[in-house]
Amino acid sequence: MSDIKKIKDDYIDKLNAENNVDKVNNIKSELFGKNGIISNEFKKLGSISVEERKKLASDLNNVKDELQNKISIKIQEIETKEINLKLEKEKIDVTLPERNIEIGKIHPVSQVIDEISSIFSEIGFSVEEGPDVENEYNNFTALNTPDNHPARDMHDTFYLDNNKELLLRTHTSPVQVRTMLKGKPPFKIIAPGRTYRSDSDQTHAPMFHQVEGLHIDKNINMGHLKGCLNYFIKEFFEVDKIKMRFRPSHFPFTEPSAEVDIGYEIKNGKIVIGEGNKWLEILGCGMVHPNVLKNVNVNPSKYQGYAFGIGIDRLGMLKYGINDLRAFFETDYRWLSHFGFDPLDVPSNYRGLSR
Amino acid sequence: MKFTVDWLKNHLDTKFSNNQIIDKLTNIGLEVESFESSTSELDTFIVAKIINAKTHPNADRLKLCDVDIGRDKTIEVVCGAPNAKNGLLTVYAPPGSIIPKNQMKLSVSKIRGVTSYGMLCSESELLLSNESDGIIELKNNKYANKIGEKYFKNTSEKVIDLSITPNRPDCLGVRGIARDLSAAGAGKLKINKKSNLKYRGNQNINVTIKKEKAQGCTIFGSCLIKGVTNKESPKWLKDKILSLGQKPISAIVDITNYVMFDLNRPLHAYDADKIDNEIIVRNSSKGESFEALDNKKYILENDMCVISDRSGVLGLGGIIGGARSGTEYSTKNILLESAYFIPRSIRKTSKQLNIDTDAKFRFERGIDPLSIEEGLIKASELIKQICGGEISNLDVNKIENYKKTIINFDPFLFEKTTGFNVENKELIRILEKLGFNVSKKKKILKLAIPSWRPDITQPIDIVEEIVRIKGYEHINTSEPIKTRLKPTLNYYQKLFHFLQRSVASKGYLETVTWSFTDSKINQLFKENDEEIPIVNPISSDLNVLRNSIFPNLLFYLKKNLDRGFKDISLFEIGPAFKGKNPGDQLTVIGAARAGKVSRLSWNDKERIVDTFDVKKDVIQSLYEAGINKDDIVIDDKTPSYYHPGKSGGVYQNKNEKNALAYFGEIHPNIIKKLDIKTEGLVIFEIYLDYIKDSKQKIKDSKSEYKFSDFQKSERDFAFIINKNFKSQELVNIIKSVDDKLIQSVRVFDVFEGENIPEGKKSIAVNVTIQSEEKTLNENDLENINKLIISSVESKSGAKIRS
């Protein structure tokens with residue numbers, strides 16, 4: 001027994017001093033290999049008395065277990081140490097820049113169109129479109145603006161032919177005409193899109209964007225118009241309260257007609273919507289004129305409703321603090337990066353209109 | 001339309017304050033643009049303080065003063081006054097001011113080598129006294145806190161400027177505005193004094209309105225005023241004319257203008273002695289000409305309404321008078337005209353000749369045809385009062401009698417339209433105040449429309465009158481009705497939004513550019529499309545509708561490159577025009593990438609953007625938008641603005657006529673022509689209209705979910721093949737060997753040159769083979785391998801690389 005204990009103690013000491021996996025494995029075969037020290041001790045069991053054998057076998061097994069256990073712990077110990085050492089050497093500077101990020105953006109006009117569509121979608125409007133090139137009839141005549149009407153002077157029109165038959169639409173209202181001509185009432189649509197007028201200065205661009213709205217049914221009155229726009233403006237500017245004013249005006253295609261102002265004030269050089277005592281005109285609207293309904297084969301004694309036209313660019317400027325309309329269309333990389341929106345920022349009701 | 005509150009009060013008895021009047025006007029649809037004093041030449045003179053007065057470096061008698069004029073910074077003024085000293089409060093005139101004493105306009109000037117911005121004033125220069133020895137010394141206690149404010153109080157009356165909508169000609173006169181205000185409860189409309197004018201003799205210049213087709217004049221009223229003394233207008237009249245923002249001319253002209261703005265009744269005064277015998281109102285013949293009061297000569301077309309005499313055209317009726325018969329200070333006898341011209345005729349003529357006058361503006365909107373005599377009387381009275389003279393009997397010629405418009409109005413229409421109710425009593429009161437003649441027939445109101453309201457022709461016009469006078473604030477705000485008639489967006493509208501955001505998410509900045517462009521750039525991209533010129537372009541470099549997105553996109557790309565940006569990704573989604581008729585347009589995404597990928601990266605190798613960058617962007621965007629990727633076929637035929645060897649077209653399937661998309665390098669010639677300086681430039685375009693609507697929602701179009709858990713094997717093959725053989729075809733040949741077993745084929749290497757024969761290339765593909773039914777054994781796999789090799793060899797002429 002003392003022999004065995006000595007072997008054990010010797011090897012435990014050896015193992016404790018060892019730092020190399022290979023050498024530990026060598027010790028392992030020294031002990032437990034075919035002719036290993038422990039293996040040989042086991043072989044001796046056959047040649048001793050039964051009583052002694054029992055005791056020796058038990059002692060041997062204990063020593064074997066202890067040594068094997070020690071070996072596996074040692075190997076693990078050394079391996080852990082080695083890995084840690086290796087990882088230590090592999091350390092990189094994680095503050096170095098990541099691979100180049102390419103950030104795309106959505107233009108504010110597109111974002112605002114999506115916001116507007118999302119708001120009107122909530123109250124059941126669907127989106128219609130019309131062509132940018134229109135004929136004179138859809139743009140003017142059908143909208144109760146005959147050739148000799150002075151209201152035509154308010155639209156500086158781009159023409160595509162000398163007979164003034166083909167033009168770039170001056171407003172989105174011809175989409176009303178197209179929508180009603182191809183369908184049957186009721187109608188409940190918005191129509192965002194490009195519009196064109198031939199004037200150009202600091203506050204006017206030859207191309208801009210409008211959204212048309214139209215709701216025709218049996219009993220739609222001016223109260224519904226007011227309610228709809230009140231809802232829209234509140235949602236759009238994401239405010240709880242809005243100061244809004246309906247003011248009588250005139251458009252040939254609506255009667256009665258109104259212009260809508262919203263209250264604002266300037267606070268610290270920034271425009272604050274919904275408060276203050278200044279008024280800003282933001283849209284035109286009214287009850288669709290019976291003459292227009294007749295022109296599109298809708299019976300005005302059965303059906304009535306409202307229409308409105310909103311300047312999209314202007315709304316975007318107000319909401320997002322953009323001062324210069326012309327910058328919308330100048331494709332300055334810096335401007336687009338600054339005012340553009342993340343493509344994942346899809347305006348929706350449940351996730352919020354804007355971040 | 002401009003007028004003063006005083007002028008308004010000539011017609012309106014009111015207790016309203018100015019601000020109440022302003023608010024009321026806006027509330028009834030007469031939008032107030034501004035309410036301000038008319039500007040005065042004296043407005044520029046302001047209170048200032050000398051902060052520091054030091055001696056002029058080049059002149060002992062002059063001083064160099066730092067002057068506080070109430071701005072952020074002081075300004076430097078050279079001053080010769082002995083009393084200019086630190087701390088003195090005085091009056092400062094900035095450059096541009098007109099000095100009352102000598103009417104000289106100040107400009108920035110150098111005085112003995114030092115620039116002086118404006119001047120400090122003496123009392124004599126401002127005509128306050130004869131004191132000219134020094135500059136004004138203002139009292140500290142009164143002016144110390146007024147630095148920067150106007151020195152002279154503007155005493156001129158404030159002018160209201162209204163923006164009158166085209167349907168309201170009656171409000172182009174002060175009386176009409178007063179009438180509207182009275183209906184809205186802002187006061188009482190004054191009753192016109194009955195005229196006690198004495199007439200003597202007849203108007204003996206014969207007037208004929210020729211009965212011609214499209215005669216533009218239906219009534220011509222006139223009177224002769226003999227023995228007048230034309231002169232400068234009296235102050236009250238001058239002030240009225242000035243408040244309109246116009247220049248007084250002479251009493252007679254000023255009076256006709258005054259009556260026009262007062263009653264909305266344009267008049268014209270002729271020097272009667274310059275009329276050749278008689279007045280003939282007729283249509284012009286092409287080529288006739290006359291010199292108008294604006295000193296321009298107009299050459300007329302056929303059928304313009306002219307006032308003429310035996311010698312020819314005197315003037316264009318209702319638009320502009322002629323120089324030949326104009327009144328002067330020496331004029332002794334005048335013929336005063338008050339006529340009715342048909343709006344359509346006025347509009348046509350003035351458009352053709354491009355003339356805009358106050359009279360034309362009014363006649364084209366519609367003048368009260370019953371105001372002929374009222375206008376003659378009011379003007380004659382004033383002329384007699386100011387210029388003297390004898391007035392003849394009024395002579396009114398007409399070829400048409402005015403017919404009153406009658407509208408039967410059911411008050412229920414009001415509530416049906418506006419959503420609220422107004423008592424009949426109030427409704428009638430409003431209409432009567434507006435000049436309607438109301439009689440009741442059971443529930444229906446029979447309304448005679450006032451002659452000054454040509455805009456009112458049907459019941460809805462009556463609704464508008466009542467609701468605007470009652471006030472839009474009475475309209476309820478109803479909860480929005482949420483009923484939906486159909487889905488918000490259709491397939492193509494959804495596609496638009498998906499693709500827009502999909503492309504942006506690949507690092508492209510979205511832009512919006514004009515729908516028009518420069519024909520010279522458009523030319524490079526229009527292919528076989530017709531050019532669509534704009535007849536009246538805003539400028540010569542925006543003179544055609546764009547046939548493609550690229551002319552503008554590349555124009556602005558270049559601008560950004562010139563700004564110093566090197567790596568740029570831009571796109572636009574919008575119309576490209578294919579013809580000049582409505583609907584001849586396609587919705588297109590155009591995108592461009594310039595520069596390098598991984599520029600200045602510490603760990604990635606930088607490289608120039610190439611065709612396969614944009615190919616990835618376009619294909620991935622199409623996948624994301626829901627186009628089935630197995631259907632997509634690539635072709636190498638592209639429009640001529642692409643590099644012929646480095647560009648491709650994308651088709652939804654192989655029989656499709658129109659490409660969904662193109663991608664590739666831009667043609668080097670175009671880069672050269674547009675003078676674009678960049679390391680690399682690649683573009684792509686997607687035609688949304690050519691994408692086929694699957695007409696199925698995702699819930700209906702998902703196929704059954706199948707997968708195989710049997711072991712899969714991968715095999716690599718390398719073929720030597722003709723250089724021009726397309727990899728897409730090779731992949732298709734392999735797939736077609738057994739499309740059940742072959743799960744995917746991926747080209748992972750392409751190689752030419754060393755060890756490869758001339759005109760050939762080596763393509764290496766990785767093929768994944770997996771059965772849905774069993775684990776394939778070596779034998780099965782060997783068979784497939786052999787089949788792949790033999791098929792490729794026989795169908796493509798390739799040889800397997802050993």
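**Contact between chains A and B, and helix packing within them**

The contact takes 80 residues from chain B and 70 residues from chain A. Two residues are in contact if their C-beta atoms, placed from the backbone, lie within 7 Å. Several elements of chain B each supply at least two residues to the side that touches chain A, among them helix H2 (18–27), helix H7 (343–353), helix H13 (491–504) and strand S33 (568–577). Helices (H or I, at least four residues) and strands (E, at least two) are DSSP runs, numbered from the N terminus. The largest share of this side of chain B, six residues, comes from H12(B). By class, the side of chain B that touches chain A has 29 nonpolar, 30 polar and 21 charged residues. Ala, Val, Leu, Ile, Met, Phe, Trp, Tyr, Cys and Pro count as nonpolar; Asp, Glu, Lys and Arg count as charged; the others, Gly among them, count as polar.

The model is predicted; local features need pLDDT of at least 70, side-chain atom pairs count only at pLDDT 80 or more, and totals for chains, interfaces and linings use all residues. Residues are numbered from 1 along each chain as its sequence is written, while chains are lettered from A and ligands numbered from 1 in the order in which they are written. The model scores ipTM 0.87 and pTM 0.85. Chain B averages a pLDDT (the predictor's confidence in each residue, from 0 to 100) of 92, and 99% of its residues score at least 70.

Chain A has 11 helices and 10 strands. Its radius of gyration is 42 Å, well over the 20 Å that the globule rule gives for 355 residues, so chain A is more spread out than a compact globule. The radius is taken over C-alpha atoms, and the globule rule is 2.2 Å times the number of residues to the power 0.38. The C-alpha atoms of chain A fill a box of roughly 130 × 45 × 45 Å, taken along the principal axes. Chain B has 20 helices and 44 strands. Its radius of gyration is 41 Å, whereas a compact globule of 802 residues would have one near 28 Å. The corresponding box for the C-alpha atoms of chain B is roughly 130 × 90 × 60 Å, along the principal axes.

Two packed helices are described by the angle between their axes and the distance between the axes. Axes are lines fitted to C-alpha atoms, for helices over the stretch in contact, and angles run from 0 to 180 degrees between N-to-C directions. In chain A, the axes of helix H5 (residues 108–122) and helix H10 (residues 312–320) come within 9 Å and cross at roughly 95°. H5(A) and H10(A) are therefore roughly perpendicular to each other. Angles under 35 degrees count as roughly parallel, over 145 as roughly antiparallel, 65 to 115 as roughly perpendicular and the rest as oblique. Pro108(A), Val109(A), Val112(A), Ile113(A) and Ile116(A) of H5(A) meet Ile312(A), Asp313(A), Leu315(A), Gly316(A) and Tyr320(A) of H10(A). These residues divide into eight nonpolar, one polar and one charged.

In chain B, helix H19 (residues 727–737) and helix H20 (residues 778–796) pack at about 135°, with axes 9 Å apart. This angle makes H19(B) oblique to H20(B). The contact of H19(B) with H20(B) has seven nonpolar, two polar and one charged residue.
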